[in-house]
Every structure is written in C-alpha cells, then in structure tokens.
Amino acid sequence: MRKIILSMMLSLDSYIEAPGNDIDWHVWDDEMEDYMLRFFETVDTIVLGRKTYELMVGYWPSARGELAHFMNETPKIVFSRTLQELEWNSSLRTAIDPEEINQLKQQSGKNLVIFGGADLATAFIENNLIDEYQLIINPVALGNGTPLFKNLPQQCSFKLTKAKVFNCGNVLLHYQPA
C-alpha cells in the first residue's frame, strides 16, 4: 500500500515559512540534495496546497538539474478552492475527500508526498490521512511566521521511528502517528 508522507522543512521554532511566504532561510547543501534525490525515488505524486503550488510553479519550471526534473515531471495534486486552472503537470481538487485519498493509497505505485502548506497538512491530519512525517529541522529560529501545526482540533501524538543529522546542521526526524 502507498503511504502519504508529509515532508516539511521547519525552523527550530516550528515555522515552515517566515512572514511574507519567505523560505530563503532553508539550509541546503549537496548532502541535503542527495538525500532528497534518494527520497524522490520512493515518490510518484506530489500533493500541494494553493500557496505552495503558486510558489513552486513560479520557480521549478525554469530550474535545471535532477531535482528540477523530478519536480517538473512528477504529477501533482493541488488542493484549492480558488484556482480555476492549473499547469505544471497538476490536477485540481477543491476539497479533501478522505475516501478518494484512501483509494489513491490503495492504488499501485510509489508514495505520495505532501510538501505544503500548513492548512493542507492540518486538514490531512484531521482526517487521519498521513502515514509518515518527515520533518527537516533547520538550525534557525525565525521568531514569527507560519507554524506547521496550527488550528489542530486536538492533541496529536507521534512515534519517532528514525533520525538523521546532516553536516549542515539540519536534523531529519521520521515520525508515525501514535
């Protein structure tokens, strides 16, 4: 069965973006790129919210390299109530239908990865649709911004399954819902 993996870069103080949708604080090096390329071998669908889609479609189509190839060629599911048309190998959903998501998980293929954003992650969490969390903690504190876990209706507990420290100071934490 396919898994839905939430993969997010976070600051030490749990923000996924600084004010103004700023992600320039992400710590990135060759080791991080190698990790992501290996991770992408396990994924065949990217799941995005509207804001993340708009940020990424403004960057990736003109980018070059192995990461860009994956981002541009991999099918995307975009959740938005306001977008009418999509490009960039994307299909639109206006709402999260847990039954449809569970059917996707039953199909053959590789895993699905959620790259953003916080509202989308919260909706997937509320519907118990996330199988694994891969949180990459960056060695920076933002002090303000968009938290990953916001407006959760209840406490969520997790089980740490694996951790990896990168030379750049990032720490990857693998969690499963408890």
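Mentor: The buried residues of α1 pack against β1 (4-10), β3 (43-49), α3 (66-73), β6 (111-116), β7 (132-137) and β10 (171-177). This is a predicted model, in which local features need pLDDT of at least 70, side-chain atom pairs count only at pLDDT 80 or more, and totals for chains, interfaces and linings use all residues. Residues are numbered from 1 along each chain, and side-chain values use heavy atoms, without hydrogens and water.

Trainee: Which residues of helix α1 are called buried, and why?

Mentor: In α1 (residues 30-40) they are Met32, Tyr35, Met36, Leu37, Phe39 and Phe40.

Trainee: What makes the contact of Asp29 with Glu31 a polar contact?

Mentor: A side-chain oxygen of Asp29 comes to within 3.2 Å of the backbone nitrogen of Glu31. A polar contact is a pair of N or O atoms within 3.5 Å, one able to donate a hydrogen and the other to accept it, and residues adjacent in sequence count only if both atoms are side-chain atoms; therefore this pair qualifies.

Trainee: Which residues touch the most other members of the largest nonpolar core?

Mentor: Met71 and Phe115 do, among its 28 residues. α1 gives the most to this core, six residues. Such a core is a set of buried Ala, Val, Leu, Ile, Met, Phe, Trp, Tyr and Cys residues joined through side-chain atoms within 4.5 Å.

Trainee: With which residues is Phe115 in contact, beyond its neighbours within four places in sequence?

Mentor: Among them are Met36, Phe40 and Met71, where contact means heavy atoms within 4.5 Å.

Terms used
Buried means under 20% relative accessible area, exposed over 50%, partly exposed in between (1.4 Å probe, protein chains only). Helices (H or I, at least four residues) and strands (E, at least two) are DSSP runs, numbered from the N terminus.
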